[in-house]
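Subject: Model for you to look at

Hello,

Please find the model below, followed by notes on what turned up in it. Have it open while you read.

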Amino acid sequence: MRWSLSAPIRVWTCLLMLLAVLLASGCSDPDTLVEIHGSTMGTTYSIKLVELPLSLTADTLKAQLDARLDAVNGLMSTYRPDSELSRFNASRSTDWFPVDPELADLVARAQSISALSDGAFDITVGPLVNLWGFGPDAHPFRVPDPQTIEKVRARVGHDKLDVRDQPPALRKHHPELYVDLSAIAKGYGVDQLADLLDRLGATAYLAEIGGELMARGNKPGGQPWRIAIERPDATSRTVYRIVTLEDDAMATSGDYRNFYEKDGQIYSHTIDPGTGRPVAHALASVTVITENCATADALATTFLVLGPERGLALAESLGIGAFFVSRVGDDYAHSATTAFEASVSEKGLRVSHLED
Ligand code: ADP
Ligand code: MG
């Protein structure tokens, strides 16, 4: 069984995700919010604004937001054969390949997260993602044999990729190296939407792509934005916790939305580069709250790869606000970093646990 990559399930998932955000954020005062919706990066985006920036209509603002997202996809999408990243992936040269500074910068940020996580986060993992039946070359699911996994691993590794900024360029050490920014691009897209909204003068909004989001200012009436962390369950969409955000970004990675199930075993789209296999531990979801959504997105994936103990230890040592939900039998247990708990007490009752 496969979830979420088939179009109807993906659309349904996005609608439910949107509903969770709506329930948590806007339901008290829906009429006073300006809402903009669109599609990007194989999912949906939404913006809720307390008021439109001066001299813009919802349509003219949407056109600007779409143009910015289109430019990001034109650089970074592995689903667009003509994107700059797809052209780099298709090239078999091991010489420097000139790229836009924006792409070089995001790759450099991804590489620094690989370094601090000992390679748990790895944007060269794409061939393994495809081998396991996810990604642009998706095929019917089968468990690959160990020799094939090892063969593919020979062309995977963040240390086989160089990036420089003067002049901006990428370089492969292996001609078949393939770069996949899926675990950071949605967060980056949210940061781009937020930057644009800030530049246009918007001061209070919620910007979201596929569940990764950025909150600024307050809702109408001065209340903070309230966001649901959902229960990591593939068969239902229920709220596990409500988080109150104030000028924060939030991203969640989980093994419960995009996976196959075969012979009682779950195969998730998050790959442990250390084994070449989908992650296999009790951790079901990780939510990260930081000021920057690209970082939150990448770190949520990183901690999910590392698992409940090593992930929590790294998040703690980095001083990152992170909330981990693990499966315990048929139930769930959670843990949070000191930074997450501290921001709860700093900002008053920031998290409420609905299930207590
Ligand atoms: P989601 O797309 O559900 O928000 P993530 O942000 O965790 O989830 O991104 C998952 C995607 O990242 C996968 O579909 C795959 O393309 C890529 N990926 C899988 N494993 C890794 C990894 N260890 N490091 C970086 N990217 C990964
Ligand atoms: Mg991610």
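Strands here (E, at least two residues) and helices (H or I, at least four residues) are DSSP runs, numbered from the N terminus. Residues are numbered from 1 along each chain as its sequence is written, and chains are lettered from A and ligands numbered from 1 in the order in which they are written. This is a predicted model, in which local features need pLDDT of at least 70 and side-chain atom pairs count only at pLDDT 80 or more, while totals for chains, interfaces and linings use all residues; side-chain values use heavy atoms, with hydrogens and water left out.

Backbone points

M41 sits in the loop between strand 1 (34-40) and strand 2 (43-49). Its phi is near 50°, a positive value in a residue other than glycine. With a relative accessible area of 23%, M41 is partly exposed. On this scale buried means under 20% relative accessible area, exposed over 50%, and partly exposed in between (1.4 Å probe, protein chains only).

D247 also has a positive phi, about 55°, and is not a glycine. This residue belongs to the loop between strand 9 (239-245) and strand 10 (249-254). D247 is partly exposed, at 42% relative accessibility.

The peptide bond between Q166 and P167 is cis, with omega about -15°. P167 is in the loop that links strand 4 (161-165) to strand 5 (168-172).

The magnesium ion

Which protein atoms are the donors of the magnesium ion (ligand 2)? They are A183 (O), D297 (O), D297 (OD) and T301 (OG1), at 2.1 to 2.5 Å from the ion. Donors are N, O and S atoms within 2.8 Å of the metal (3.2 Å for Na, K and Ca); water is not among the atoms, so the site may look incomplete. Along the chain the donors have the spacing A-x113-D-x3-T. D297 and T301 are four residues apart in helix 8 (residues 293-318), so about one helical turn separates them. D297 is buried at 2% relative accessibility, and T301 is buried at 12%.

Ligand 1

Ligand 1 is surrounded by 18 residues, of which D180, K186, S253, I271 and T301 are the closest. A residue counts as near a molecule or strand if one of its heavy atoms lies within 4 Å of it. The shell around ligand 1 divides into eight nonpolar, five polar and five charged residues. Here Ala, Val, Leu, Ile, Met, Phe, Trp, Tyr, Cys and Pro count as nonpolar, Asp, Glu, Lys and Arg as charged, and the others, Gly among them, as polar. Helix 7 (182-199) and helix 8 each give at least two residues to this shell.

- A backbone N or O atom of A120 is 3.0 Å from a nitrogen atom of ligand 1.
- An N or O atom in the side chain of S253 is 2.8 Å from an oxygen atom of ligand 1.
- A backbone N or O atom of I271 is 2.8 Å from a nitrogen atom of ligand 1.

On its own, ligand 1 has 570 Å² of accessible area, and the protein covers 92% of that. Accessible areas come from the Shrake-Rupley method with a 1.4 Å probe; for residues, only the protein chains shown count as cover.

A120 lies in the loop between helix 4 (101-116) and helix 5 (126-131) and is buried, at 8% relative accessibility. A120 and T302 are 182 residues apart in sequence, yet 5.8 Å apart in space, C-alpha to C-alpha.

Sheets and hairpins

Two strands pair if DSSP finds at least two bridges between them. One open sheet has three strands in the order 3-5-4, with antiparallel pairing. Strand 3 (97-98) and strand 4 are at its edges with a single partner strand each, so one side of each has no neighbour in the sheet. Strand 3 pairs with strand 5 over two bridges, in the antiparallel sense, and F97 has L170 in strand 5 as its bridge partner.

Strand 8 (residues 225-230) has five of its six residues buried. Strand 8 runs antiparallel to strand 9, with six bridges joining them; A228 is opposite I242 in strand 9.

Strand 16 (residues 321-328) and strand 17 (residues 331-336) form an antiparallel pair over six bridges. V328 has D331 in strand 17 as its bridge partner. This hairpin has two residues between the strands, and G329 takes a positive phi near 60° there.

Regards

Definitions and conventions. A polar contact is a pair of N or O atoms within 3.5 Å; within protein, one must be able to donate a hydrogen and the other to accept it, and residues adjacent in sequence count only if both atoms are side-chain atoms.
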